[in-house]
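Q: Can you walk me through this one? Keep it brisk.

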Amino acid sequence: MSRPGFVLDVDERTPPLLMHSGESFRLQEFPLGSRIIYPPESLPGVPDVDEEIENALLHPIDSEPLPDLLRPGMRLTIAFDDLSLPLPPMRKPDIRQRIIEHVLEHAARAGVDDVQLIAANALHRRMTADELKAIVGERVFRSFYPDNLVNFDAEDRANLTHLGKTDKDEDVEISKRAAESDLLVYVNVNLVAMDGGWKSTAIGLASYNSLRHHHNSHTMTHSRSFMDPKMSQLHSSAWRMGRVLNEHVKVFQIETSLNNDAFPSQYGFLTKREWEWSLRDQATFLGAKRGIDLMPAKARRKLFQSMQAPYAVTGISAGAVEPVHDQTLQRVHRQQLVEVDGQSDVLVLGLPYLCPYNVNSVMNPILAACLGLGYFFNMYVGHPIVRKGGAVILNHPVPWEFSTLHHPSYVDFFEEVLSVSTDPKVIEQKFEQQYATDPWYVHLYRTSYAYHGVHPFYMWYWCAHALDHVGDVIWVGGDRRAVARMGMRSASTFADALEMASDTVGRSPSITYLHSPPHALAHVK
Amino acid sequence: MSSLVKDVRQVARGWRWSHRPLPPKSAEPHHLFPAPREFPTDWARSRPARAAREAILRGGLGPIVRRETTLRVEGHDVFDALDGPVIFVANHSSHIDTALLLTTLPTEWQRRVAVGAAADYFFDAWWRAVGSALVFSTFPIERSGVGLSDTPTRLLAEGWSLIMYPEGTRSPDGWARRFRLGAAYLAAHAKVPVVPVALVGSYAAMPRGRGWPKPGRPEVHVRYGRPVRQGDDEDTRAFGARISTAVATLLDEDRSDWYSATRRAAVGATPSPSGPAVADWRRVWASTASPVSRRSRPRAWR
């Protein structure tokens, strides 16, 4: 029986609490009375994943069963989430592989020859052959790569289709192959409540021309939060686009939800509540921390990036996009939702080594900011965990380090753009177009493994709601120059950060620490 | 290396390596308490441990008790008619109580007696558990009632007598609190008699918070009563009430005399050992006064 999440009040008995900080972690003592939001324990996975997949395909919601939609001579496109999901990457076999194999078995039985698989990476970087293989599995890879197993190219004008505009005058421009298919099957992995629904197809397969309508500072500031689709302007826009898409192509959405088993069993202490750590857990923590601290940076990164999560699948739904997504959200909430009574003056976050955009790569300062102020800050429904004008204390080393392979435009964004302004609105008006259309960035996006030129802007817009809402952002242990470049402040210790925050929130603020990962979604009343 | 030492110290302190770990209070409703593992105490009843304990009691604890208090022991004649094992049941208001009982028991009883001690206090830290098991022959009792141990029953079956405090903890104000039924259940189950014992003046001599008796050799009384046995048709609740009354009668006897106390007991007029219903400070005030001893022998002929 999995125990629900809850809010701990720190008392004298509370041991120091685990705090992620990039490619390391530590124990942090909190002032008495601080609140700690713990996620629910891992839900059990479905007993038989293959049976669950078949059941979803044969008994979909508001749709004919998949075999009835397949026929010889048809154009079938299977799109799937890219390597930004799930985090950490899932232990093999990936759930997308298992679902795609089932879909293809049906397609083969129905005599479908024209099948193409597209990774819905939008403006994310292309995946390498090995990364694609890790997601779809060897059988699928061998059968379809390279001609019919491809990364989506949002800059390939010849292979984009403009389907029209929404009632809010938003362009809907997506992959031509997907738009002109007789059936578009989308295979999703839902890690958090933000994923899935029309965000899968209307964003994952869209071009900059389409994405700019919702990936902008105004929409992001008014998405409260991204994790609550009904209150998110980003999602409203994607839903409008999805309905336009739905008029042109039949979409068969397959969504999966995962439990909270985010770390391998040898790092079990990362998912356990601290006071329940056995002596073995304590020894493992001490050993792991010491080992990590002594490791050369390269080996440390390799160790973290090679971590694979033993996620179990908590459910699979298939059929029409919106009712399928409603079911998925219910399952995600069951796994992650925690009731929290009221806001606090200070929100404390420990940022791990990984965000959606640095898989097999470096977490640069912009990505660290996006992870903290974009993703973790938005892990709420109802109200933000921290009050308006409160302070956010983030734990991460924020190294001044960039991958020129994966994030070339980030380097220039950090040097040129953030040195002029950190206001999302200003940088959007002054710089976005230039970066979005820069031929060199476009070239790198299309031919190398680079995120699109405009991607760092989107990362900064993800922070817009937090930057608009809070009065102070302090990084514990952050590189002072990198943090200052982002217009924020850096502290050596948590105690120093609280001292610095006292200018904003007074000397005895209420403190809430979102103990994550694994993910907890705070329902703040 | 210094950071490792710092981390180890932080873990040792945070996870209370020297104590029993406790979940934070607000986590208790969500905490899966592991089945309590009883601290092993059989070694403390082995021959070498018994020999060590006897040496400590005779050469250390006994002389200290007699030096630091003015000790009066009454009712030793009950042992003449007793053949063990039994359960000694006493009121409890001070850490000195166990020392008083152990050092005033006849030697042959002292050698085969074990003391029920709160697992969450005396067995909270390993060093305290080892020390109390060796010196006082304690065995752990879970006050929460979780995971009841079979140790007391086993000890009685093996011929060991037990000392138990049915109040469950030391009195906060020196007056006796309600007796729980554990000792009565145990005696009924093992079919052994209960020997009531009144401890008077121990709160005044060494109340909560003190680790050593007050200076001035305060007076303490240990009064053993006649054994109480469960009647044929008597249920445990009634048996427990009789045990409680027996202790109350002994306390009354200590304040007055045996005959008066017996007469009051016969008509159910024994003063309640829980003391008067007055302000807390007055209850504490009354308890902190040492019992008055009849220092001079009463005159046989007037």
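Q: Which strands does H3(B) lie across?
A: H3(B) lies across S1, S2, S3, S5, strand S6 (194–200) and strand S7 (219–224) of chain B. H3(B) runs at about 60° to S7(B). Axes are lines fitted to C-alpha atoms, for helices over the stretch in contact, and angles run from 0 to 180 degrees between N-to-C directions. Helices (H or I, at least four residues) and strands (E, at least two) are DSSP runs, numbered from the N terminus.

Q: What sort of model and numbering is this?
A: This is a predicted model: local features need pLDDT of at least 70, side-chain atom pairs count only at pLDDT 80 or more, and totals for chains, interfaces and linings use all residues. Residues are numbered from 1 along each chain as its sequence is written, while chains are lettered from A and ligands numbered from 1 in the order in which they are written.

Q: What are the scores?
A: ipTM is 0.84 and pTM is 0.79. Chain B averages a pLDDT of 89, and 94% of its residues score at least 70. pLDDT is the predictor's confidence in each residue, from 0 to 100.

Q: Back to that helix. How many residues of H3(B) are buried?
A: Nine of the nine, residues 96–104, so helix H3 of chain B is largely enclosed by the rest of the structure. Among them are B:Ile96, B:Asp97 and B:Leu101. Buried means 20 or more other C-beta atoms within 10 Å of the residue's own, with C-beta atoms placed from the backbone (exposed is 12 or fewer, partly exposed is in between).

Q: And what is the strand order in the sheet of chain B?
A: S1-S7-S6-S2-S5-S3-S4, an open sheet of seven strands with mixed pairing. Strand S1 (70–74) and S4 stand at the edges with a single partner strand each, so one side of each has no neighbour in the sheet. The twist averages 25° from one strand to the next. Two strands pair if DSSP finds at least two bridges between them.

Q: Which strands does S3(B) pair with?
A: S3(B) pairs with strand S5 (residues 161–164) in the parallel sense over three bridges. Four bridges join S3(B) to strand S4 (residues 138–141), also parallel. B:Ala114 has B:Leu162 in S5(B) as its bridge partner, and B:Ala117 stands opposite B:Pro140 in S4(B).

Q: Is S3(B) buried or exposed?
A: Five of the six residues of S3(B), 113–118, are buried, so the strand is largely enclosed by the rest of the structure.

Q: What about S2(B) and S5(B)?
A: Strand S2 (residues 87–90) and S5(B) are parallel, with three bridges. B:Ile87 has B:Leu162 as its bridge partner.

Q: Zoom out. How many helices and strands are in chain B?
A: 12 helices and seven strands. The radius of gyration of chain B is 21 Å, close to the 19 Å that the globule rule gives for 302 residues, so chain B is as compact as a globular protein of that length. That radius is taken over C-alpha atoms, and the rule is 2.2 Å times the number of residues to the power 0.38. Of the 302 residues, 38% count as buried.

Q: New topic. How many residues of chain B are in contact with chain A?
A: 16 residues of chain B, against 19 residues of chain A. The chain B side has nine nonpolar, five polar and two charged residues. Contact means C-beta atoms, placed from the backbone, within 7 Å. Ala, Val, Leu, Ile, Met, Phe, Trp, Tyr, Cys and Pro count as nonpolar, Asp, Glu, Lys and Arg as charged, and the others, Gly among them, as polar.

Definitions and conventions
Contact = placed C-beta atoms within 7 Å.
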